[in-house]
Amino acid sequence: MSSETTFKIEDKYMAPFFVKQQISIEKGDGVFVWDEEGNRYIDFTSGWGVTCIGHAQPVITEALLNQSRKIIQNPNSGLTYSPARAGLLALMKEVLPPHLTHVFFSNSGAEANDAAIKLARKVTNRLDVISTHQSFHGRTISTASATGQASHREKFNPLMPNYRFVTYGDLDDLAQALDEDVAAFIIEPIQGEGGVHLPSEKYLKEVERLCSKNGTLLITDEVQTGFCRTGPMFVTGSMGVKVDFLTMAKGIAGGFPFGGFAMSKKVASRLEIGDHGGTYCGNPLGCAVAHAVIKYLVDHNVSANVETMGGICLATMGQWKERYPHAIKDIRGKGLLLLIEFADPDMAARVSDGCLDRKLFVRQTQGNGIRVFPALNIKENELKEGLGIMQAAIEQVAG
Ligand SMILES: Cc1ncc(COP(=O)(O)O)c(C=O)c1O
């Protein structure tokens, strides 16, 4: 097939939810991808924070092949045992914060959040859910209801009832909102889609204290931040914050659709048979891939690479900010979850287009931001090649 044919078929038959970039990607290798005409691009989006150990990663291919030759889906799914699932659960126990003792696997981040909210209502026997303005928690009706960005919510009214919002990072706002009706507070430890916002050092610890005092369960949505995206395996774990639920997806299986939620023993002890389930329940294929990805992250000390590469990015972006103060308002982020905030959305769009013209994928975020979140095992020369392209695009627009 040629790109032209692919464009025509997708434009005709794919649901019309996206303004498409006129590029048809055929294959990848590490941080690089190629279109159908053989042009090479660098991917600084890692498929929206998913391909954390690169495209066409051999350990993933091997896990897919080996497991699919054995079994993909168990008879009676979650009702039977699976060595692939047990292997992943044992590995998760090593990387999760120790107090999170029980895990259930889903197929996506939204599903994991949906389940955590549902189960928090059951455990507390309360109805209300608090979330934060500018948050993003998914596109199911309950997770859209928990998403603090009007554009993802309001056209679907009526939404789920009993959802309220507080300002991200504002402890007084949360303290005032917490009352005896609040089952759960759901929060991203660093807001991703909302524009890469980091709360103060003490914020999450205080959130834990306030929720616990109020009998409200704390759900941290680590769908975007989990699995070394910001350096440590999980942000909440690295901060010593004891949450009731931790939800995950994206990087967990490096591009294979998978997710999950972990919960404390106390929460798990209050759940019963039939409270949750699903057709896949962590099917052996997904579990084998997730195991291969997490093992790679641990064995290759990817966390250290994230710290080093993230440092290089921030230092380079800091120089751009000094050089183009009229164009760049802020740079922020942690590890390899970074954002450059431009003076206005038009400028961000022109820089993003300029990057694509020069064969680099970045992600325009919240209008005036450009998010950079490449594969976590990116090498220094690859990173510098991509940053060089960004610099040229910025120079053209702002120089
Ligand atoms: C923080 C966060 N939560 C939930 C989701 C939804 O995950 P999924 O698209 O896998 O349903 C996303 C997706 O971007 C996310 O960034």
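A residue is classed as buried if 20 or more other C-beta atoms lie within 10 Å of its own, as exposed if 12 or fewer do, and as partly exposed in between, with C-beta atoms placed from the backbone. By this criterion Ile141 is partly exposed, because 14 other C-beta atoms lie within 10 Å. The structure is a predicted model, in which local features need pLDDT of at least 70 and side-chain atom pairs count only at pLDDT 80 or more, while totals for chains, interfaces and linings use all residues. Residues are numbered from 1 along each chain as its sequence is written.

Ile141 is located in helix α6 (residues 141-145); helices (H or I, at least four residues) and strands (E, at least two) are DSSP runs numbered from the N terminus. Apart from neighbours within four places in sequence, Ile141 contacts Phe156, Leu159 and Met160, a contact being defined by C-beta atoms, placed from the backbone, that lie within 7 Å. Ile141 and Ala343 are 202 residues apart along the chain, and their C-alpha atoms are separated by 34 Å. The peptide bond between Asn157 and Pro158 is cis, with omega about 0°. Pro158 belongs to the loop between α7 (150-153) and β6 (163-166).

The chain is divided into domain 1 (58-299) and domain 2 (300-330), with bounds that come from an automatic or database domain assignment. A distance of 28 Å separates the C-alpha centres of domain 1 and domain 2. The contact between them takes 7 residues from domain 1 and 6 residues from domain 2. On the side of domain 1 that touches domain 2 there are 5 nonpolar, 1 polar and 1 charged residues. In this classification Ala, Val, Leu, Ile, Met, Phe, Trp, Tyr, Cys and Pro count as nonpolar, Asp, Glu, Lys and Arg as charged, and the others, Gly among them, as polar.

A nonpolar core is a set of buried Ala, Val, Leu, Ile, Met, Phe, Trp, Tyr and Cys residues joined through C-beta atoms within 7 Å. The largest such core has 107 residues, and those with the most contacts inside it are Ala120, Phe185, Leu217, Ile219, Phe245, Val289 and Val293. Helix α12 (residues 284-299) gives the most to this core, contributing 10 residues. The core lies between domain 1 (58-299) and domain 2 (300-330), because both give residues to it.

Phe185 is placed in strand β7 (residues 182-187) and counts as buried, because it has 28 C-beta neighbours inside 10 Å. With residues up to four places away in sequence not counted, Phe185 touches Ile130, Val207, Cys211, Thr216, Leu218 and Ile219. Phe185 and Arg164, 21 residues apart in sequence, have a C-alpha to C-alpha distance of 9.5 Å. For Phe245, contacts beyond neighbours within four places in sequence are made with Ala116, Ala120, Leu217, Ile219, Phe261, Met263 and Val267.

The ligand is surrounded by 14 residues, of which the closest are Ser108, Gly109, Ala110, Val223 and Gln224. A residue is near a molecule or strand if its C-beta atom, placed from the backbone, lies within 6 Å of it. Helix α5 (residues 109-124) supplies the largest share of the shell around the ligand, 3 residues. By class, the shell comprises 4 nonpolar, 7 polar and 3 charged residues.

Strands β2 (residues 32-35) and β3 (residues 40-43) run antiparallel and are joined by 3 bridges; strands are taken to pair if DSSP finds at least two bridges between them. Trp34 stands opposite Arg40 of β3. The hairpin formed by β2 and β3 has 4 residues between the strands, and Gly38 in the turn has a positive phi of about 90°. β3 also pairs with β13, in the parallel sense and over 2 bridges. Here Ile42 has Leu360 in β13 as its bridge partner.

Positive phi values also occur in residues other than glycine, including Trp48, with phi near 70°, and Lys359, with phi of about 75°. Trp48 lies in helix α2 (residues 46-49) and counts as partly exposed, because it has 13 C-beta neighbours inside 10 Å. Lys359 lies in the loop between α14 (345-357) and β13 (360-361). Lys359 is likewise partly exposed, with 17 other C-beta atoms within 10 Å.

Definitions and conventions. Contact = placed C-beta atoms within 7 Å.
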